[in-house]
Structures are given as C-alpha cells and as structure tokens.
Amino acid sequence: MTTQTATDYTTTIDLDRSPDAVTAAIADVGRWWLGDVAGAADRVGAEFTYRYRDLHDSTQRVTEFEPGRRIVWDVIDSELGFVDEPDPWTGTRIVFDLQPSGAGTRLVFTHEGLTPAKECYDACSAGWDHFVVGSLRRFVETGAGLPL
C-alpha cells in the first residue's frame, strides 16, 4: 500500500520474516539497491554513499538503529541528475518502522521530506516502490534483491 498525498511518501509492506531479520536486510543496503554503495548502515553514526550512474548520488547517516523496531537515515548530501533542483534529498529522513505482525513483520517505510511538491516526487516514489516494495521484500524473503 503506497500513500500519495500532500504528505511524505509512505508505503507499508508485510514480510514473512522476523523484525530482526528485516533489520539485517535493511542494513545490507548494497544487496537491495542497484548501483554503488560504499560504507555501512548497521549502527548509529555509520554513513554510506549511494551512486547510480549520473542519476543519483547521495550520502546517508544512520541516526537511529533499534534492531527489530526502527532505523532512520538522515540524508546529509544529495544530487539527482534528472531534476533541476540541485539537492532534493538533502535534509530529508528515510525511516523504517518495524512491528511484529503474525509470524512476520510489518514495515512502514517513510521518506520524510519527499512530498508531491518536490520535482523528483514521481520518479523517486516510483524508485522507492521498486526498492522497498519489490527489491527489499524479495531480498528479505529469498536472499536476492531485484535489479532495475
């Protein structure tokens, strides 16, 4: 379920793995994002950079890491080569809230600051649909993410 309103981009997925297993998968960014990932995302204070061709370059810092509960990445730098806005993700937050659900986990993903007012909203929300709803789900459940 994806929410597209005047608020932040949010999507919710149910996964058939434990919250701790989902936490481990989220922290292994390079296995479910397509492109070059350098750095770590497995503890508070860790940073990683993501690059995909000349289309996306961003640096995230982990500001919350509560295994099985919540992960937050602050975007400290960004450049998207397909929009006029120079740094549309800088200052935004990427939030993963996890809750036990039946035998698995409900993941509520929110990109705080990615709203329909942003020039990149349509492309970025479609990207998150691919990476969270598609690739992360597949990585959690099968051990292999999805390339674009």
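**Charged pairs and core**

Guide: Arginine 31 is partly exposed, with 45% relative accessible area; the term covers values between buried, under 20%, and exposed, over 50% (1.4 Å probe, protein chains only). The model is predicted, so local features need pLDDT of at least 70 and side-chain atom pairs 80 or more, while totals for chains, interfaces and linings use all residues. Residues are numbered from 1 along each chain as its sequence is written, and side-chain values use heavy atoms, leaving out hydrogens and water.

Visitor: Which residue does arginine 31 meet in a salt bridge?

Guide: Side chains of opposite charge can pair when their charged atoms come close. A salt bridge here is a side-chain nitrogen of Lys or Arg within 4 Å of a carboxyl oxygen of Asp or Glu. Arginine 31 meets aspartate 28, at 3.7 Å from N to O; aspartate 28 is partly exposed at 30%.

Visitor: How many salt bridges does the structure hold?

Guide: There are 13. One of them joins arginine 106 and aspartate 14 at 2.8 Å, N to O. Arginine 106 is in strand β8 and aspartate 14 in strand β2, so the pair ties together parts 92 residues apart in sequence; strands (E, at least two residues) and helices (H or I, at least four) are DSSP runs numbered from the N terminus.

Visitor: Which residues have the most contacts inside the largest nonpolar core?

Guide: Such a core is a set of buried Ala, Val, Leu, Ile, Met, Phe, Trp, Tyr and Cys residues joined through side-chain atoms within 4.5 Å. This one has 38 residues, and those with the most contacts include Ile26, Trp73 and Trp128. Helix α2 gives the most, eight residues.
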